[in-house]
Amino acid sequence: MATYLLRRLLWTVPILFAATTCAFLILRLIPGDPVNLMLAGRPASEKVRDNLRAKLGLNRSLPEQYAYFVVRAVRGDFGQSFLTGQPVSQVIGQQLPASLQLAGGGIILGVTGGLVLGIAAGLYPNTLIDAGAMTAALVGISMPGYWTAMLLIYLFGLRLQWVPIVGSGLVALILPSVVFGSYAVGNLARLVRSSILDVRNEDYIRTARAKGLPERRVVLRHALRNALFPVVTMMGLLLGLFIGGGVITETVFARQGVGALLVNAIANKDYPVVQALILLTTTAYVFANFFVDIVYIFLDPRVRYG
Amino acid sequence: MRGFQKPRLSRRTLLKGVAATAFAGGTVSIGDLVGASAQGAAAGDATITWGEDNDYATLDPRVTQSRHEAQAIMQMFESLLFLDTDGKFSPWLAQRWEYSKDGKSITFVLRRDVKFHDGTPFNGDAVKFTFDSVVDPKLGSQGAIDFLGPYKSTDVIDPYTVRINWTQPFAAALTNLSNPWLLSIVSPTAVRKLGNDGFARAPVGTGPFKFVEWVPRVRVVMERNDAYQWAPKVFKHRGPAAFKRHVIRIIPDNSTRVAALERGEIDVCDAVPPISVKQFQGTQSFDVMVGDVSGIPLAHLINTQAEPTNDLRVRQAYMYAINRPQITQQVFFGVAKPAFGPITPTTPGYWSGVEKLFPYDPKKAGSLLDEAGWKMGADGVRAKKGKPLEIHFITLLEPDLEVAVQAAVKEVGIKLNVEKVTKARQDELVMNGRYNIGEIRWVAVDPSVLDIPFQSHNIPAPGKFKFNWSRYGSPQLDQMLLHADGQIDAKQRAATLGEIQKYVLDRGLMFPVHISAQPIGFRKAVRNLRFAQGYWQVLFYDAGV
């Protein structure tokens, strides 16, 4: 099994390499000139445009640009942002903490909410509680984040004034985390509910009931553990999503973050920033899934790899 | 019997704890935002916060091309002369100026009491350094370099006298040199110490506010320059500013920014959407001031090289078919005014005769189209030889407006296909000529902005992104534009400009729609906000709470 895990770890290198190369190529193949986009369409003279192209290294041939990129990337140097001239690692480094905060808040609220709703629905299926929980889950999945954010800002920021609208600190993290975690809440709630319901009819559950254990104990102690497997898998997926997917939340709440940074960089064809961020996101996904596999080993004694 | 033992962490205690933490956290964060504004013990310690709708990439006036970055830059940097919104020049860093006989140079006599924020004295060397560095390709200037025009050199005649030389007479010279966010003067010491990239992130100028910090994508913080004594006479205030801290908070989402103003987390709100303007006007605590932006209004540029708009009659019919006052009222709730000429009434050289051209006349539109062979079909769309009258419209700036236009021209039988595009797609279509109509608008203070859409060398081509989207190249028009650009005499220049305005409208190259409005929402406690030249940015020097 150790060899299996080691092989998995080694595979990450070619995966990351392939992802960033794809990003490199696709960026340069879609129409749109970064110099033109940077100038926001100003009627800058040819002189200005050529100066800028030279400064950004865009006047080199494609293979040359690629070579430059790879050689530097291996050393951890991702070049300088086309837009601001700052080193890319600095640009991302400034935005990453806020994204991690938001991801953390979103995961905590999302997982807590998802588990609570899912377990409640699983414990009392086909009751009002179940209907209520599943409706809340549906709302979490379906409502566009932008709309949820606006409603929450209006209610809790303007009317009740319980939280700041564009503040800093822990309190300002509450609303964005709710918005960010709402998708996870919905998905997890449904998944947990169906897992519990599936497991309820198993033999070992019948044994537990026959032993005379209260129903709640049966579910929480015995059923839940086994119901968690698909949940862990989903969390691996969600973890990866959290890193890059915060653009709407970040924009509406005027927060720093790599989500909005990525979208902005793509729109402006800020190649170095986009390439570095795709590498970051791919890394997050790969390691999140790797982590999930390891968790499985502890959760399920039957699991043996390799 | 076991006595009732109170659980160590009762639900009540937990709730109290959560509430206390939330409250503490809340007051700390709201507290350090709203700061001492209005409640400040001395109003002189107050903080005034501006909510900005767009992010920043640089704070160097020599590099920027963004009217958003301009908002921050113009609080910290100053120019040789001051141009007010009424079109009048007055002394600023220079006390007086004089044109040379051949019109190719201007000599400026500079103030002697000015210092940069880092203590460096302001003098002729700083002026020369600034302009020479603008034209240096290594800097990568995106705006200033074109604004300097046919710049040749700057001579430092003595420490407080400079002569700026151009290769030919440059009519926009004084106007452009008065621009406080493109051609303002930078501290040579700071640039040499920090390098160009470093200076862009820690700018040093002579303005009433000095740079403190820039948290990317979140805020720019500036503080009062306590040594400031050289404000232009147009300002009511004298000496250092009346408040201490000026914060620019970047809030790209419109509704969030408006909510932040309502809540008091910002004091002044950039670009209030028209629909929200009414909610602030006429209230007790808030007001809105609306700037009618100078330059090119929101206008449609009509492709003269693509069918069916290659026919002058079709272009003119399009222009007669749209009721501009009505559409503007409907779409902007009265906040923006209709436009009738290629430059707005607040731009120097505006010819009021444009207001009589192309009034709303659907009957005339119909007869022009009939004349051109486009007969009305049973489905309400005109056709010629079996082909329907379809016009391809690409919109990036104001899709809501263009949908209203689509409905309007339908009445005369034109089928307007409105395509909402991203910037990248727009560029692709424009460079390859695959469109009939596109939108343009330009914030500018000098009528030389007309070069942008009408000079023949600005016709786009693959790899060349320019703004002559009507693709009309005429030596006569080029001559008129060049003449106006080099005409130092204001009256003669106005005459040529009038001819240009009539020329482009008669030939259906451009259909002006509405003057861009810049609604600024603010708390009434903030006094003396002032629009900068062009009516887009706001100057904070006079302001106070």
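**Exercise 1. The interface**

How many residues of chain A are in contact with chain B, and how many of chain B with chain A? Work out which elements and which classes of residue make up the chain A side.

*Solution.* The structure is a predicted model, and the contacts below are computed from its atoms. Begin with the count: 40 residues of chain A are in contact with 44 residues of chain B. Next, assign the chain A side to its elements: those that give two or more residues to it are α2 (34-38), α3 (46-56), α5 (88-123), α7 (145-159), α8 (171-200) and α11 (247-252) of chain A.

**Exercise 2. A helix pair in chain A**

Describe the crossing of α5(A) and α6(A), and name the residues that make the contact.

*Solution.* Two packed helices are described by the angle between their axes and the distance between the axes. For α5(A) and helix α6 (residues 128-142) of chain A, the axes come within 8 Å and cross at roughly 145 degrees, and the crossing is left-handed. On the side of α5(A), the contact is made by A:Leu117, A:Ala120 and A:Ala121; α6(A) contributes A:Ile129, A:Asp130, A:Ala133, A:Met134, A:Ala136 and A:Ala137. Divided by class, the residues of this contact are 8 nonpolar, no polar and 1 charged.

**Exercise 3. Is A:Lys47 buried or exposed, or in between?**

*Solution.* Locate the residue: A:Lys47 lies in helix α3 of chain A. Then count its neighbours: a residue is buried at 20 or more other C-beta atoms within 10 Å and exposed at 12 or fewer. Because A:Lys47 has 13 other C-beta atoms within 10 Å, A:Lys47 is partly exposed. As a check on distance, A:Lys47 and A:Gly167 are 120 residues apart in sequence and 43 Å apart in space, C-alpha to C-alpha.

**Exercise 4. Strand β21 of chain B**

Which residues point each way from β21(B), and which strands pair with β21(B)?

*Solution.* Start with burial: 7 of the 7 residues of β21 (residues 517-523) of chain B are buried. B:Ala517, B:Pro519, B:Gly521 and B:Arg523 point one way, whereas B:Gln518, B:Ile520 and B:Phe522 point the other way. Then take the partners: β11 (residues 268-269) of chain B pairs with β21(B) in the antiparallel sense over 2 bridges, and B:Val268 has B:Phe522 as its bridge partner. Strand β12 (residues 286-292) of chain B also runs antiparallel to β21(B), joined by 7 bridges, with B:Asp287 opposite B:Phe522.

**Exercise 5. The nonpolar cores**

How many residues has the largest nonpolar core, and which residues does B:Tyr318 touch?

*Solution.* The largest nonpolar core has 204 residues, and among those with the most contacts inside it are A:Leu277, B:Val268 and B:Tyr318. Not counting residues up to four places away in sequence, B:Tyr318 touches B:Ile302, B:Val409, B:Ile414 and B:Phe511. A second, separate core of 20 residues includes A:Leu117, A:Ala133, A:Val185 and A:Met235.

Notes
Residues are numbered from 1 along each chain as its sequence is written. Chains are lettered from A and ligands numbered from 1 in the order in which they are written. This is a predicted model: local features need pLDDT of at least 70, side-chain atom pairs count only at pLDDT 80 or more; totals for chains, interfaces and linings use all residues. A nonpolar core is a set of buried Ala, Val, Leu, Ile, Met, Phe, Trp, Tyr and Cys residues joined through C-beta atoms within 7 Å. Two residues are in contact if their C-beta atoms, placed from the backbone, lie within 7 Å. Helices (H or I, at least four residues) and strands (E, at least two) are DSSP runs, numbered from the N terminus. Ala, Val, Leu, Ile, Met, Phe, Trp, Tyr, Cys and Pro count as nonpolar, Asp, Glu, Lys and Arg as charged, and the others, Gly among them, as polar. Axes are lines fitted to C-alpha atoms, for helices over the stretch in contact, and angles run from 0 to 180 degrees between N-to-C directions. A crossing is left-handed if the near helix is turned anticlockwise from the far one by less than a right angle, and right-handed if clockwise. Two strands pair if DSSP finds at least two bridges between them.
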